[in-house]
Amino acid sequence: MNTKEFDLVIFGATSFVGQLVCDYLLNEAIDANLNWAMAGRSQSKLRKIKNELGEKAASLPLFIADSFDEAALKNLCERTNLVVSTVGPYALYGESLIKVCAQSGTDYCDLTGEHQWIRRMTRAYQHEAEASGARIVNCCGFDSMPSDLGVKFLQQNALNKFGTTCDKVRLRVKSIKGRASGGTIASMVNIFKETADDEELREEFKNLYSLCPDDHSNKVRQRLIDVEYDKVFKSWVGPFVMAGINTRVVLRSNALMTPPYAKQFHYDEGTLVGDGKKGRKKAKRLAWLSKVGMFAMSVPLIRALIVKIFLPKPGEGPSLGEQNDGFYDLRLLGITEHGDEILTRVIGDKDPGYGSTAKMLVQAAISLRLEVSDSELPGGFWTPATAFGDKLFARLQSQAGISFEVLSTKRG
């Protein structure tokens with residue numbers, strides 16, 4: 001491994017999630033002996049956060065770096081092995097850092113869910129990252145670690161049990177409590193702004209294979225769930241707001257793996273809302289709200305009013321009590337081509353968009369720094385499932401309040 005001054009730097013340490021990341025890394029992560037620093041564009045805000053973190057943070061170095069200042073970003077990358085970025089919307093503020101990391105060979109993790117930006121960055125800087133050895137891993141938060149690692153966990157256990165992996169996997173949200181962060185909202189708003197006048201981008205949004213390499217061979221018709229009945233779960237299913245990014249990431253993982261889960265692999269996500277007429281009404285209402293919301297956000301005037309009046313702003317978030325009160329319970333069903341079935345679940349113990357995401361992001365970064373060698377993972381753009389080994393599962397379960405379980409298996 002390189003022996004630079006710092007193991008990692010938190011870029012965007014003054015953001016709401018950035019503060020959670022720093023607090024967790026300082027007070028809860030077992031690998032607290034790592035050399036790390038905080039970075040942001042405002043020295044006064046960084047000093048304020050450092051003071052709020054208490055005596056343990058007294059010796060933490062600070063980097064002053066703006067998202068558009070390539071000279072400052074180069075200086076940052078010259079001194080650290082890995083950058084953890086919480087600065088979004090990434091489509092607005094993320095490219096310069098990706099560029100500098102890819103050119104300098106500096107590893108990188110973030111929590112973006114902006115698939116259109118990931119596609120642009122991959123196309124622009126993949127070759128430079130390969131040449132420099134920079135391992136770039138996007139989507140290391142709630143979008144899309146539970147989905148991507150959940151599928152990997154299911155497939156590993158299917159292979160152990162049945163001798164083969166599953167060519168069909170469905171994820172169902174059994175229960176969830178939490179709310180989107182101001183940064184996530186800002187990213188979603190920016191996506192609608194980008195697509196408003198870009199027909200090519202609107203077409204890209206219809207393609208759930210948009211993050212897969214151009215030469216991928218998976219021909220299965222993928223879909224986003226609207227309203228349907230799931231006989232296995234005995235429940236009506238409505239859409240899941242994160243399905244768009246999660247599905248693309250899981251399909252990219254399948255395309256990057258050697259061998260893939262399946263040459264012709266199907267994956268979808270949805271929200272369980274209950275059985276009977278009541279469940280059907282809930283699924284229809286969820287689908288209707290999703291469509292109305294999409295339409296409203298696509299109209300500039302309505303979008304501006306919604307953002308101004310109803311939505312949280314970047315930097316805003318729930319109280320510590322609200323974060324601790326959050327949770328999620330995801331169920332994954334895998335089916336092999338022979339009809340074997342495996343049911344697994346992924347559970348998180350905190351608000352998915354804040355407390356749980358902060359812990360996931362830190363553990364992913366630590367794992368990439370300490371447990372994934374350059375020989376195991378070369379430079380390039382990777383997904384969580386393709387970047388990290390089994391040690392990350394142990395980290396998430398022992399230090400991040402996330403559990404992966406096999407609930408049942410059944411021979412076809």
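Arg369 is buried, at a relative accessible area of 11%. Buried here means under 20% relative accessible area, exposed means over 50%, and partly exposed lies in between (1.4 Å probe, protein chains only). Arg369 sits in helix 14. Helices (H or I, at least four residues) and strands (E, at least two) are DSSP runs, numbered from the N terminus. Arg369 lies 261 residues from Tyr108 in sequence, yet their C-alpha atoms are 9.8 Å apart in space.

The model is predicted: local features need pLDDT of at least 70, side-chain atom pairs count only at pLDDT 80 or more, and totals for chains, interfaces and linings use all residues. Residues are numbered from 1 along each chain as its sequence is written, and side-chain values use heavy atoms, with hydrogens and water left out.

The protein contains 16 helices and 14 strands. Its radius of gyration is 21 Å, close to the 22 Å that the globule rule gives for 412 residues, so the protein is as compact as a globular protein of that length. The radius is taken over C-alpha atoms, and the rule is 2.2 Å times the number of residues to the power 0.38. Along the principal axes, the C-alpha atoms fill a box of roughly 60 × 50 × 40 Å. Of the 412 residues, 54% are buried. Contact means heavy atoms within 4.5 Å. Among contacts between residues at least 6 apart in sequence, 78% join residues at least 24 apart.

The protein exposes about 18,400 Å², and carbon and sulfur atoms supply 52% of this area. Accessible areas come from the Shrake-Rupley method with a 1.4 Å probe; for residues, only the protein chains shown count as cover. There are 53 positive and 49 negative side chains, and the centres of the two sets lie 7 Å apart. Lys and Arg count as positive and Asp and Glu as negative, while His and the chain ends are not counted. Each charge is placed at NZ of Lys, CZ of Arg, CG of Asp or CD of Glu.

The interior was examined next. A nonpolar core is a set of buried Ala, Val, Leu, Ile, Met, Phe, Trp, Tyr and Cys residues joined through side-chain atoms within 4.5 Å. The largest such core has 110 residues. Ile10, Phe11, Trp36, Leu76, Phe265, Phe388 and Leu396 have the most contacts inside it. Helix 14 (residues 352-370) gives the most to this core, with nine residues. A second, separate core has seven residues, including Val237, Leu272, Leu333 and Leu343. Leu76, in the largest core, is in contact with Val9, Phe11, Ala39, Phe63, Ala65 and Val83, leaving aside neighbours within four places in sequence.

Helix 14 also holds Ser367. Ser367 is buried, with a relative accessible area of 1%. Beyond residues up to four places away in sequence, Ser367 touches Val372, Phe388, Leu392 and Arg395. Leu392 and Arg395 are among the buried residues of helix 16 (residues 390-399), together with Phe393, Leu396 and Gln399. The buried residues of helix 16 pack against helix 1 (16-27), helix 7 (145-162), helix 14 and strand 14 (402-410). Just after helix 16, Gly401 takes a positive phi of about 70°.

Asn35 lies in the loop between helix 1 and strand 2 (36-40). At 44% relative accessibility, Asn35 is partly exposed. Glu5, Phe6, Asp7 and Leu8 are in contact with Asn35, leaving aside its neighbours within four places in sequence. Asn35 and Lys291 are 256 residues apart in sequence, and 47 Å separate their C-alpha atoms.

The loop between strand 6 (135-137) and helix 7 holds Ser144. A cis peptide bond joins Asp143 and Ser144, with omega about 20°. Cys139 is found in the loop between strand 6 and helix 7. Cys139 is not a glycine but has a positive phi of about 65°. Its relative accessible area is 2%, and Cys139 is buried.

A cis peptide bond also runs from Thr258 to Pro259, with omega near -5°. Pro259 is in the loop between helix 10 (243-256) and strand 10 (266-274). Lys234, a residue other than glycine, has a positive phi near 50°. Lys234 lies in the loop between strand 8 (228-230) and strand 9 (235-238). At 58% relative accessibility, Lys234 counts as exposed.
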